Amino acid sequence: MKPSDLLYNALTLKGAPRIEASVAYVAARSPISDPYARFKQAEKMKRAEMIQNTKNWFKPWDAIYAANPQQILDRREKVSLPPLLIMQGALDDNVLPSLQEKFAASYRAAGGECQLEIFEGCEHLWVDTPGPATDRAHEMVKAFIARNLAGRAVLA
């Protein structure tokens, strides 16, 4: 969401120091759109490993707020909003569907295009299991990518 922010451009790639890393579109399954809310859910569910991993990742701890996509939108920071597809299991108790609904609404309110698809009867890792929901997700991602590639060809 902030590809030009110096904080996220601090490291350069050897041999490609001026590489541009913004994206044209994003397709995600159960993205962590609000890391602090997910952390609080991990505490509620007593998931020690997830709690520790979050503490390990966000150092200093305040980074969990500064780099939080939901809070970035709430603060109305200047952001890049590529078209976004979120696929979310309705039964996910790791990344709650209500968090994705809030994020999708905030993303749209900020001017971004966001397609949120809730997969009924599906938990957090539902795409790991072959079946109709996984097949539907694969087809949805293919269609989303095709639409966005076609849109880019018109602009080129």
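Author: A residue is called buried under 20% relative accessible area, exposed over 50% and partly exposed in between, with a 1.4 Å probe and protein chains only. The model is predicted, so local features need pLDDT of at least 70 and side-chain atom pairs pLDDT 80 or more, while totals for chains, interfaces and linings use all residues. Numbering starts from 1 along each chain as its sequence is written, and side-chain values use heavy atoms, with hydrogens and water left out.

Reader: What percentage of the 156 residues is buried?
Author: The C-alpha atoms fill a box of roughly 45 × 40 × 35 Å along the principal axes. Of the 156 residues, the buried share is 33%.

Reader: Which side chain of opposite charge is nearest to D34?
Author: D34 sits in the loop between β1 (26-29) and α1 (35-45), and its side chain reaches the backbone nitrogen of A37 at 3.0 Å. D34 is buried yet has no salt bridge, a term for a side-chain nitrogen of Lys or Arg within 4 Å of a carboxyl oxygen of Asp or Glu. Lys and Arg count as positive, Asp and Glu as negative, and His and the chain ends are not counted. At 5.2 Å from D34, the nearest side chain of opposite charge is K102.

Reader: Which residue forms a salt bridge with E43?
Author: The structure holds 7 salt bridges. In this one, both partners lie in helix α1, 3 residues apart, about one turn of the helix. With closest N and O atoms 2.9 Å apart, the partner of E43 is K40.

Reader: How many residues apart are R136 and E117?
Author: Their side chains meet in a salt bridge at 3.3 Å, N to O. R136 counts as partly exposed because its relative accessibility is 38%, and E117 does too, at 21%. The pair links distant parts of the chain, helix α6 (residues 132-155) and strand β3 (residues 114-119), with a separation of 19 residues.

Reader: Is K142 exposed or buried?
Author: K142 forms a salt bridge with E139, the closest N and O atoms being 3.1 Å apart. Both are in helix α6, where being 3 residues apart means about one helical turn between them. E139 is partly exposed at 47%, whereas K142, with a relative accessible area of 51%, is exposed.

Key. Helix = DSSP H or I, 4+ residues; strand = E, 2+ residues; numbered from the N terminus. Polar contact = N/O pair within 3.5 Å; in protein donor to acceptor, adjacent residues only side chain to side chain.
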